[in-house]
Every structure is written in C-alpha cells, then in structure tokens.
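Please look over the sequence and the model that follow, and keep both at hand while reading. The paragraphs below go from the whole chain to a few local features.

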Amino acid sequence: MRSVPVYHGEGACRPFKYAIACAIAIAPTGLLALQDEGRSDDAQATPADPDASAAASPENQDRDEPIISDEEFEQVVPELDPEMNAPLESMEDFQARQDALEAEAEQRAASADAGSPEALPAAQDGDTVEALADAPITDPAIEEPLPALSEFQVEPVTIEGETPDDENVEIEYAYRIDGLEPVNDKVEDVDVGDLFADLSALEDGDGSAANAAQVQARLTSDQDLIVSILESEGYYDSSVNGSLELPDQNGGKATAVLNVSPGERYTFGSIDLDAPPVVPDDLLTKNFGIKVGEPIVAARVLAAEANLSVAMPQQGYPFFKLGQRDILLDPVPVTGAYVLPITPGPRSSFGGFTTSGDLAFDAEHVELLARFDRGQLYDSRLTDDLRSALVATGLFSTVTVEPKQTGEAGPDGTEYVNLQVVQDAGPPRTISGGAGYGTGQGFRVEGSWQHRNLFPPEGALIASAVAGTQEQGAGVTFRRSNAGKRDRTVELTLNAARSDFDAYNALTGRLAGRISYDSTPIWQKPLTYSYGFELVGSYEEGYNEPLGAREKELYFIAALPGQVTFDRSDDLLNPTKGYRLTARLSPEVALNDGTRTYARALIEGSAYYPFGDSFVLAGRVRAGSIPGIDRDDLAPSRRYYAGGGGSVRGFGYQQLGPKDPNGRPIGGRSINEAAIEGRYRFGNFGVVAFADAGQVYDSVLPKGSDLRYGVGIGGRFYTNFGPFRLDVATPLNRQPNESIVSVYVSIGQAF
C-alpha cells in the first residue's frame with residue numbers, strides 16, 4: 001500500500017482573498033481526501049483506489065460531512081485589516097517619517113554613550129521581556145578594524161574519537177590481474193602485463209593511496225586501460241571487471257583485482273586497398289605487408305600504413321595520399337574487413353627546377369647539387385638528399401623542396417614533376433673565434449671573418465688571424481664550395497706567419513691551392529680526399545748538428561700535398577663508435593744550397609668502441625717518414641716533432657725526440673705515436689683517463705724503441721659544436737728539464 005502524508009497543524013488551510021474552504025476527511029483506508037466546498041456532491045471525493053470509491057457511495061455519504069460547520073469556520077478565521085485597502089502615503093510623507101526615525105535612533109545612541117538607561121540592550125527592539133538581550137545597535141566593536149589575515153587564527157573543530165584533518169591517513173594496497181594468460185600465449189611482439197605496468201595508475205601509485213576511494217579511482221582507470229591494450233592487440237570483445245578487497249581488522253594491504261575476459265582475437269578476414277592500378281601491380285600489397293588471416297594489431301596496421309606513405313613516394317608516386325581506414329568487425333567468424341581508400345596520384349619522373357623567395361643562388365646551381373637526371377623515376381630519398389645538400393651550404397635560414405605537377409608527359413608513361421625550391425637566404429657574414437693553451441706552445445687565439453657568398457654561387461672570402469705567445473699570423477682565403485660539381489671545394493690561400501718555438505724560429509710566407517672532397521658536421525662522408533699545391537718561402541733558425549750550432553737559412557719549398565681519409569665514425573668532433581684511416585703524402589722540392597727532392601708521408605688510424613651509453617674506449621696510432629733527404633738539409637718547420645695536446649700528452653709542445661746540447665728539440669725524419677683513452681660522459685659533462693706514447697727519430701723509418709709515455713686525466717664539457725677539452729698529464733720516467741705536469745685546453749676530442 002502506498003503511504004500518503006497527512007498535513008496538519010498551523011497552515012494546513014490558509015485564507016486567501018478568494019477563499020476556498022478546505023475540509024479534511026480521513027477515508028476508512030487511511031488515505032487523505034481533500035474536499036472543495038464549491039463542488040457538487042459527485043465531485044467531492046477523488047478516490048485514490050477502489051476502496052476510496054466505495055467510501056464515496058451513497059450509503060457512505062454521512063461519513064463525508066465536514067468536521068466543523070461553516071459558521072464555526074468563519075468565527076475562527078480573523079477578519080482582514082481594513083487598512084489594507086487604504087491609499088499609500090506619498091513619497092514626501094514616507095521620507096519625512098524615515099528622517100524622524102533616524103533622528104530618534106541617533107538621540108538614543110547619544111544617550112547610550114552618556115550612560116542613559118535608554119541604552120538597555122533589551123530595549124533595542126522594543127521588547128523588554130526576553131531571555132537574551134539584544135546586542136546594542138551602536139556596539140563599538142562594529143567600528144573596530146578587522147585583524148589582518150596573517151594574524152587571524154582559525155581553530156579547527158575536532159570531534160572526540162575522530163582523527164584530526166592534518167594527519168596523513170594512507171592506505172597500502174597491492175594489485176593483481178587475473179585472466180591474461182591466454183593473451184600472453186598468443187601475443188608475440190609485446191608483453192601485455194609489462195605494457196600495462198608502464199601505463200598503469202595503480203602501478204604509478206607505488207602501492208599507496210590517501211584512501212580507498214583513490215584506489216577505486218585508479219582501479220577504474222586501469223580497467224579502461226586494459227581494455228584499450230587488449231583492443232590494440234585484436235581482442236575487441238574483451239571486458240574487465242574490477243573489485244577492491246579491503247584488509248581485515250587486523251590490518252594488512254587492500255588488494256585491487258582486475259578480472260579479465262579477453263574473448264576471441266580478431267583476424268583480418270579481407271584486406272581491400274582501394275586504389276586505381278599502380279605500376280607494378282603488386283606495389284601496394286608488397287609494401288603494405290599485412291596478409292589475410294593475421295591478427296588485427298593496431299601497431300602493425302599503423303606501421304603498414306606508414307610504410308606505404310614512405311615507400312610509394314620512393315617508387316615514383318610523390319603525391320601519394322591515404323584516406324580514412326575502415327575496419328568492419330564480424331563477431332561470428334571473429335574477423336574484420338579492412339578497407340583503406342588510396343589516392344596514388346600520377347606516376348612521376350624528375351623534370352626541372354624552379355626557385356623562389358630570397359635567393360642565395362639560382363636554379364642552375366640547385367640542379368648542380370642534385371644527384372639525379374631529368375627523366376629518372378621520382379624518388380623522395382633523392383629529394384631529401386637535395387634538401388640536405390642545400391642546408392649544408394650554410395647559406396639559408398630556411399629552405400624547402402617540394403614536387404609540383406606539370407601535366408607534361410614523361411618517359412615510360414610517367415608525368416614530369418618539377419622541384420620547387422623556396423629559399424630564405426640567411427646572413428652571409430660570420431665572425432668566429434677560438435682559443436687554446438698547451439704547455440710549450442703557450443696561449444693561442446684564432447679569429448676569422450668570412451662572407452660565405454661574396455662571389456655567388458657559394459664563393460666565400462675568409463680573413464683570419466692568429467695571435468699567441470709563440471705564434472702570430474694572418475691570411476686570406478678564397479673558397480668556392482660545390483665548384484662545378486657537388487661536394488667539390490676549390491680553395492686558394494695566402495698567409496704569413498711568425499713562429500718562435502724551442503725547436504725553431506721562422507718567418508714564413510705561403511701560397512697554397514687545394515681541391516677537396518670534404519666532410520662537414522651536417523654531411524659526414526665515408527670517403528674524403530684532397531690534393532693541391534703549396535709554395536713556401538721561409539727564413540728559419542734551427543740547430544745544425546754538423547756545425548754544432550744554430551743557424552739561420554732561407555728555404556724555398558714547392559710541394560704537392562695529397563690526403564685520403566676513410567671515415568666510418570659516427571661524428572666528426574665527438575666520435576663514439578667506428579673508425580678512421582688517413583694517409584698523407586707530400587712530394588716536395590727544396591731550394592737551399594741546391595735542389596733537394598724528398599717526400600713526407602704519414603698514416604694514422606683511430607677506433608672508437610662504446611660500452612653502453614656512457615663509456616667509450618678510444619685508441620689511436622700514427623707513423624710517419626721523410627725519405628730522400630738528410631735531416632739537417634730539411635727545413636726545421638718541415639721535420640716531424642712529437643709532444644703536446646694533439647700528440648703525446650705529458651710533454652711540452654714538440655719536446656720529444658733528438659735535442660741539441662741546450663736541451664732544445666731538433667726534430668727528425670720519422671715518428672710513431674699511440675694513445676688509448678677511456679671517456680665517460682654524464683649529461684653535458686665527462687671525464688677522461690688516458691695514456692699516450694711516442695717518439696721521434698733521426699732515421700728514415702721509426703724504430704719503435706725508446707718510447708716515452710705520458711698519463712693523465714681530463715674533463716669534458718659537451719656543446720652543440722663539439723666538446724670543450726681540458727687535459728692534465730704527467731710524463732712517466734721524467735727526464736731533467738721536463739715539466740711535472742702539462743695542461744692542454746682546446747675544443748674537440750684529442751683524436
């Protein structure tokens with residue numbers, strides 16, 4: 001039976017302007033009946049159920065009589081105040097009455113200040129009989145300023161038996177997953193449990209939460225996570241139910257339980273690559289890679305689509321586009337119908353070049369940098385290669401290369417595409433500098449100014465200077481990059497230098513030219529070479545052993561230096577793996593007291609082997625020989641020397657090898673060096689431990705005997721242009737006049 005509330009007491013019936021008399025009657029069923037006195041007898045009762053209908057029948061009419069008569073009701077209801085219909089007072093009268101009331105209130109306030117009995121609190125509202133007196137309307141505390149917030153003290157309300165809010169109440173929990181075993185048995189490329197642990201909110205919480213509600217929230221989040229992971233592996237009918245098992249009264253941990261129902265794994269029932277014919281016919285399916293019957297794995301689908309987007313432009317389709325995939329799942333055979341709309345665009349071949357923007361050079365020079373010919377099948381890798389070559393020039397702030405349709409028919413049914421090069425030339429001028437220090441070499445500062453495109457295209461003018469404690473010089477260089485052929489550099493240099501080393505003093509003028517195929521930090525090449533000429537005039541002072549004294553002599557030297565480098569390292573300035581091999585040969589002719597012909601030869605190799613991500617073991621060997629001339633007939637500046645930051649650390653610059661009676665180095669005709677270095681890096685810093693060995697000999701070939709050794713440690717600070725290097729070393733078996741410690745400061749690794 002429904003219960004209906006019965007309203008009683010004051011306000012059960014209220015008088016209105018248009019009065020409706022209310023009568024309250026209780027039917028035998030206990031239901032409330034409302035009677036409107038203005039209705040007919042047939043409408044006086046509205047029964048709520050069949051029993052109420054029975055109560056309204058004629059034989060029960062006597063039970064519906066009102067409890068009180070109309071006369072009694074009229075006597076109880078008070079008469080309306082006749083003033084309610086009186087006209088309202090005017091605004092002037094109302095304002096005058098309000099002013100009088102305010103004046104009366106001010107008078108009472110003044111009396112309260114004077115201690116008048118009228119200020120009794122109980123009299124403020126005119127009621128003198130009350131249990132609690134009114135606060136005075138003019139309480140002085142109201143006029144006082146509020147305290148500053150920093151001084152306001154709030155006392156927390158605590159209830160006996162409750163834990164204060166400022167105490168940190170935590171709940172410890174663990175979690176487990178039930179039902180994943182069938183999934184892990186079928187999924188090969190990923191462990192679902194491990195993937196869940198990497199992304200789980202429960203796992204991230206480290207087994208601790210503020211309360212059970214927080215654990216429940218994490219549990220709910222992880223339910224959705226497992227469903228997403230299972231769907232990504234093809235389990236589209238999976239479901240996960242979570243529950244939280246709270247600890248008993250003896251304590252312990254709560255346990256969040258994830259019950260997994262993976263369902264069946266969906267496979268590809270059909271694969272439709274919806275595209276017009278391409279050449280060759282199987283180009284799309286071959287590059288898509290997924291076959292009917294394989295599981296529907298999201299990562300594999302994305303990878304297959306990405307492979308199409310990469311491979312098709314590499315094979316003649318530069319305007320290839322993918323539409324929105326659709327996979328229709330059928331739960332009865334547990335398969336999916338995969339449809340991928342494809343717009344391959346026209347099969348294309350390379351055409352010409354156009355260029356726009358703030359130009360550094362014209363389209364003809366762009367064509368020189370390209371590694372493809374007109375009519376060759378389009379390959380996006382060659383377009384990217386051209387873009388890299390443009391960036392490597394160093395002449396652009398930004399540069400883009402995009403294929404553009406021409407509608408012109410090309411070979412083999414293709415369409416020519418032009419490459420649109422949009423150039424934004426960068427600032428052409430550069431000022432650079434460097435500094436270093438080495439024991440025996442002193443301080444050395446270098447600076448240069450260059451305009452990289454003073455003689456377009458890519459014709460640079462470079463002015464350089466060297467200022468040091470033992471070396472000073474200046475020079476000018478003209479260099480054209482990509483000269484008539486990509487990656488070919490032509491260089492012409494004129495410089496003058498003054499050198500004041502322990503081994504020799506020299507005033508030297510030099511004119512040199514070189515053609516080279518070089519690496520750059522952006523474009524490191526496995527094979528580089530250079531060849532050229534060198535004309536040197538040098539007035540030098542060195543030790544002449546047959547004379548037993550130092551002498552000054554003028555030398556004129558012509559040389560044809562050449563170099564070949566095979567580089568399989570991963571970085572020019574900071575290699576961490578791979579190796580390098582370099583061979584140098586310079587046939588030379590010297591004119592001083594006759595004509596002498598000789599050759600300077602040097603071979604060098606270095607290798608780098610990483611142990612993990614932070615440690616690299618590096619090694620270097622070097623050997624050189626100068627056949628065809630006696631040492632004393634060879635200009636001191638053309639001899640071999642060893643010792644210093646780029647040679648054998650622990651010794652001063654050029655300090656190894658034969659020496660004169662005063663202990664100054666003489667130099668030699670052969671050299672050998674070796675070094676091993678352990679490099680440990682942490683962030684942008686690193687430490688190095690090294691051991692070097694080497695010697696210089698008067699003989700044509702190095703002997704391998706009488707080697708000198710140096711050991712030391714160093715620090716590295718890694719920057720985006722190479723490491724800043726500080727090495728400190730000491731010689732083993734130190735000889736008289738040799739420094740205990742040698743210091744070397746430079747940019748770049750020692751090798």
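How much accessible surface does the protein have, and what percentage of that surface belongs to carbon and sulfur atoms? The accessible surface comes to about 43,600 Å², and 55% of it belongs to carbon and sulfur atoms, where accessible areas come from the Shrake-Rupley method with a 1.4 Å probe and, for residues, only the protein chains shown count as cover. This is a predicted model, in which local features need pLDDT of at least 70 and side-chain atom pairs count only at pLDDT 80 or more, while totals for chains, interfaces and linings use all residues. Residues are numbered from 1 along each chain as its sequence is written, and side-chain values use heavy atoms, with hydrogens and water left out.

The protein has 11 helices and 30 strands, both taken as DSSP runs numbered from the N terminus (helices are H or I with at least four residues, strands are E with at least two). Of the 751 residues, 34% are buried, where buried means under 20% relative accessible area, exposed means over 50%, and partly exposed lies in between (1.4 Å probe, protein chains only). Among the contacts in the protein with a separation of 6 or more, 56% are between residues 24 or more positions apart, a contact meaning heavy atoms within 4.5 Å.

Strand β16 (residues 459-468) pairs with strand β17 (residues 471-480) in the antiparallel sense over 9 bridges, and two strands are said to pair if DSSP finds at least two bridges between them. β16 and β17 form a hairpin with 2 residues between them, and the bridge partner of Gly459 in β17 is Arg480. β17 is in turn joined by 10 bridges to strand β18 (residues 488-500), again running antiparallel, with Thr493 in β18 as the bridge partner of Thr477.

The loop between β17 and β18 holds Asp487, which counts as buried because its relative accessible area is 12%. Leaving aside residues up to four places away in sequence, Asp487 touches Arg371, Asn482, Ser516, Tyr517, Asp518, Trp523 and Lys525.

Glu458 lies in the loop between β15 and β16 and has a positive phi of about 60° although it is not a glycine; Glu458 is buried, because its relative accessibility is 3%. Asp206 also has a positive phi, of about 55°, without being a glycine, but Asp206 is exposed, because its relative accessible area is 67%.

The structure holds 1 cavity of 30 Å³ or more, and about 60 Å³ of space lies in the largest cavity. A cavity is a set of points, on a 1 Å grid over the protein atoms alone, where a 1.4 Å probe fits but cannot get out, and its lining residues have an atom within 4 Å of a point; grid points are joined across faces, edges and corners, and the volume is the space filled by probe spheres set on the points. The lining of the largest cavity includes Glu540, Tyr543, Asp632 and Arg639, and β20 gives the largest share of it, 4 residues.

Methods. On a 1 Å grid over the protein atoms alone, a cavity is a set of points where a 1.4 Å probe fits but cannot get out, and a pocket is an open set with protein on both sides within 12 Å along at least five of seven lines; lining residues have an atom within 4 Å of a point.
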